[in-house]
Amino acid sequence: SCISHVTELPKELPSLSEGLARTLGYVTLKTVSTIATLPILSAVLLDTVQSESARADSATPMSCLKDAIYRFTGSGSSYQYRLLLPVHQLIIPTVVYTLSWDLVGHIVHSTVLKLCKMRQSTKQSDKDNRRQAKDP
């Protein structure tokens, strides 16, 4: 959201009629925002998955931020950080997942809207046909 306010990239997936440049702008915005939030999301996920005893000392927001920095830089002296994948190895799969999720959601949404419009127009034409059949 912050990135979209700074840039003029579209927040919503544009229709195909709006052009390839706007679609690429949307993909760029989605990619940049995914990369920017990945370290924090992975640190929060790690903190959530760990058992209560293992995370008793790391339950603060600052520790999540510290974990995100360790994940992003690939450093950390703790044993738990050496077992984790560095963020740069997670970027490509996460971006592909995010973009494919958006694409599938957009396709499903468009399909449902078209089906609803077709059903509504069919009902309207049936009503019109009945009216014409009643009128001599």
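I began with contacts in the protein between residues at least 6 apart in sequence, and 46% of them join residues at least 24 apart. I note here that the model is predicted.

Next I looked up the secondary structure. I found five helices and zero strands. Reading along the sequence, I wrote the pattern down as α-α-α-α-α.

Then I turned to burial and surface. The protein has 136 residues, and 19% of them count as buried.

How many salt bridges does the count come to? I recorded one. The side chains of Lys 30 and Asp 102 form it, at 3.2 Å from N to O. I placed Lys 30 in helix H2, which covers residues 20-49, and Asp 102 in helix H5, so the pair ties together parts that are 72 residues apart in sequence. As a reminder to myself, side chains of opposite charge can pair when their charged atoms come close.

Are the two partners buried or exposed? I checked each one. Lys 30 has 25% relative accessibility and therefore counts as partly exposed. Asp 102 has a relative accessible area of 19%, and it counts as buried because the cut-off is under 20%.

I found a positive patch formed by Arg 119, Lys 123, Lys 127, Arg 130 and Lys 134. I picked out Lys 127, which lies in helix H5, residues 87-134.

Methods. Residues numbered from 1 in each chain as written. Predicted model: local features only at pLDDT ≥ 70, side-chain atom pairs only at ≥ 80, totals over all residues. Heavy atoms only, no water. Helix = DSSP H or I, 4+ residues; strand = E, 2+ residues; numbered from the N terminus. Buried < 20%, exposed > 50% of the residue type's maximum accessible area, 1.4 Å probe, protein only. Contact = heavy atoms within 4.5 Å. Patch = residues over 30% accessible without salt bridge, like charges linked within 9 Å, V, L, I, M, F, W, Y side chains within 5 Å. Areas by Shrake-Rupley, 256 points an atom, 1.4 Å probe, with all protein chains shown as cover. Salt bridge = Lys/Arg side-chain N within 4 Å of Asp/Glu carboxyl O. Lys, Arg positive; Asp, Glu negative; His and termini not counted. Charge placed at Lys NZ, Arg CZ, Asp CG, Glu CD.
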